Amino acid sequence: VRVRFLEEAGIQNPKIPGDVYFQVATTREVSYIKSPLIRISESTIHSITVISSQNAVSEITALEISFTLGEAGNLTPKDKLYLSLDSGYQFPDEYQQGIWMNGESLDILKIRLDYDKKLIEISLDKDYSSLSRFFIQITTTSQFRNPEKDGSVVIGVSSTREPRNIVSPSYQIIPLPMTDIQIQPTVPDGKANFYISEPTITFQTKSSDTHRVKTYYKLNDGEWREYIQAIRLGSGEYLLAYYSAYSDSAKESVHTYQFSVDTQKPILVLPDLPIYTNRNPFLLEINLIESNFQEAIVQSQSITSLVEGKVKAYLNLTEGMNTISVLVIDKAGNESETEISILLDVTNPDFTLLTPAPWMKSIRKTILLSGTVEKEAVLTVNEMVIPNDSGSFRINYTLKPGVNTLAFLAIDRAGNTKKYIVPVTYYPNFFAVMVIGKKTADTSFGT
């Protein structure tokens with residue numbers, strides 16, 4: 001005899017898995033005979049895989065979860081799926097969107113979050129046969145966040161038909177990256193923590209995901225830049241900020257490092273040398289281009305402050321040529337050294353006027369000015385410059401009618417002066433009458 005129990009009969013297997021048997025008897029053979037044991041296995045969800053594409057601590061979650069229903073796991077619109085997340089996951093304060101199933105975004109009304117149990121409940125709206133494959137995505141839009149601690153985590157999956165919570169293979173929540181700064185030279189090579197050679201900066205990042213990690217930096221108040229190659233700093237003050245990140249939601253704390261760099265020696269802007277002066281003491285002024293000035297030593301005098309950007313020092317000179325040593329040191333230890341020649345000359349310049357003679361009377365409007373003067377001295381007459389031809393001069397000068405005061409002034413390079421005043425009278429209307437026999441000739445000499 002063969003008896004078949006068809007599915008249409010509606011007889012269900014026991015809910016508890018285990019070994020069962022049938023007993024068979026007839027009215028003629030009334031003793032029940034047991035069948036061999038039959039294994040009743042539990043129908044469960046299986047073949048669970050989890051891909052975490054954003055897997056750093058506290059990073060916004062991005063998960064892809066796939067699984068297959070069991071042999072008796074067919075689902076109807078009345079059924080639900082359950083995703084049980086690790087207790088460390090942080091649920092959004094107010095879920096709006098971001099969970100997808102089998103390529104379709106799930107309506108907010110189909111999602112219920114149990115914040116205490118860390119459970120995502122998904123209501124179904126159609127039939128799914130047993131052994132159906134599901135693909136569920138929790139995207140970054142949903143604003144779930146990974147656990148705050150790194151380590152292994154799992155996800156449990158179940159349904160109303162297959163209530164046993166099946167755990168996924170474990171996957172890793174990785175720590176945030178850590179960035180080490182490396183500087184060459186390794187320590188400041190100048191004084192007062194200054195670098196006097198341009199420092200070269202590189203970063204080394206410790207990361208569990210080298211494909212995703214990136215390092216960023218900025219200098220002072222500049223824009224953030226991705227670190228690609230070594231950074232080289234010229235002279236200046238810098239606050240270097242840097243960090244490494246997997247994403248905007250997974251980055252380490254910002255680190256900072258202060259750099260003081262001065263690779264330039266102080267620049268002394270000197271006057272034309274030698275310097276000529278008739279003053280003693282003499283005030284020496286040197287323009288200085290240096291933002292980190294510390295000290296200037298001028299002929300054994302220590303000067304620690306600038307006046308209007310200048311090194312100023314009073315010097316006691318001896319008559320003649322003086323050689324003054326100047327040493328300028330900046331805070332970084334850079335030095336500039338030079339010698340300045342200063343000629344002290346307290347003698348008035350040589351000046352001799354050959355023409356005109358004092359109180360000269362002229363019937364000519366133009367007269368000759370001539371004489372000798374010290375070479376390289378500046379000579380003027382009534383504030384008009386007279387060319388100095390290697391120690392001599394010779395020019396025509398136009399008079400005004402009447403007495404003319406010619407004020408000569410010679411100034412040498414040291415500032416010594418010699419004045420000479422010569423009065424000259426010009427007669428513009430001078431007439432001469434010549435009588436030859438009975439004839440008279442009138443003429444004027446005043447032009």
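1. Lys312 is partly exposed, with a relative accessible area of 26%; buried here means under 20%, exposed over 50%, and partly exposed in between (1.4 Å probe, protein chains only). Its salt-bridge partner is Glu285, at 3.8 Å, N to O, where a salt bridge needs a side-chain nitrogen of Lys or Arg within 4 Å of a carboxyl oxygen of Asp or Glu. Glu285 sits in strand β28 (residues 282–289) and Lys312 in strand β31 (residues 310–315), so the pair ties together parts 27 residues apart in sequence. Strands are DSSP runs (E, at least two residues), numbered from the N terminus. Glu285 is also partly exposed, at 31%.

2. A word on the model before going on. This is a predicted model, in which local features need pLDDT of at least 70 and side-chain atom pairs count only at pLDDT 80 or more, while totals for chains, interfaces and linings use all residues. Residues are numbered from 1 along each chain as its sequence is written, and side-chain values use heavy atoms, with hydrogens and water left out.

3. Have a look at Arg212 next. Glu59, Asp209 and Arg212 are linked in a network of salt bridges. The Glu59 to Arg212 contact is 2.9 Å, N to O. That pair links distant parts of the chain, 153 residues apart, with Glu59 in the loop between β5 (46–54) and β6, and Arg212 in the loop between β19 (200–206) and β20 (214–219). Asp209 meets Arg212 at 3.2 Å, N to O. Glu59 and Arg212 are buried, and Asp209 is buried too. The salt-bridge count comes to 10.

4. Now the second largest pocket, with about 160 Å³ of space. A pocket is an open set of points on a 1 Å grid over the protein atoms alone, where a 1.4 Å probe fits, with protein on both sides within 12 Å along at least five of seven lines; lining residues have an atom within 4 Å of a point. The volume is the space filled by probe spheres set on the points. The lining divides into four nonpolar, three polar and five charged residues, and includes Met101, Lys110, Asp125 and Tyr128.

5. Two prolines are worth a click. Pro163, in the loop between β14 (156–159) and β15 (166–167), is exposed at 62%. Pro163 and Ile45 are 118 residues apart in sequence and 9.0 Å apart in space, C-alpha to C-alpha. Pro77 lies in the loop between β6 (62–68) and β7 (80–84) and is partly exposed, at 42%.

Conventions: Helix = DSSP H or I, 4+ residues; strand = E, 2+ residues; numbered from the N terminus. Nonpolar A, V, L, I, M, F, W, Y, C, P; charged D, E, K, R; others polar.
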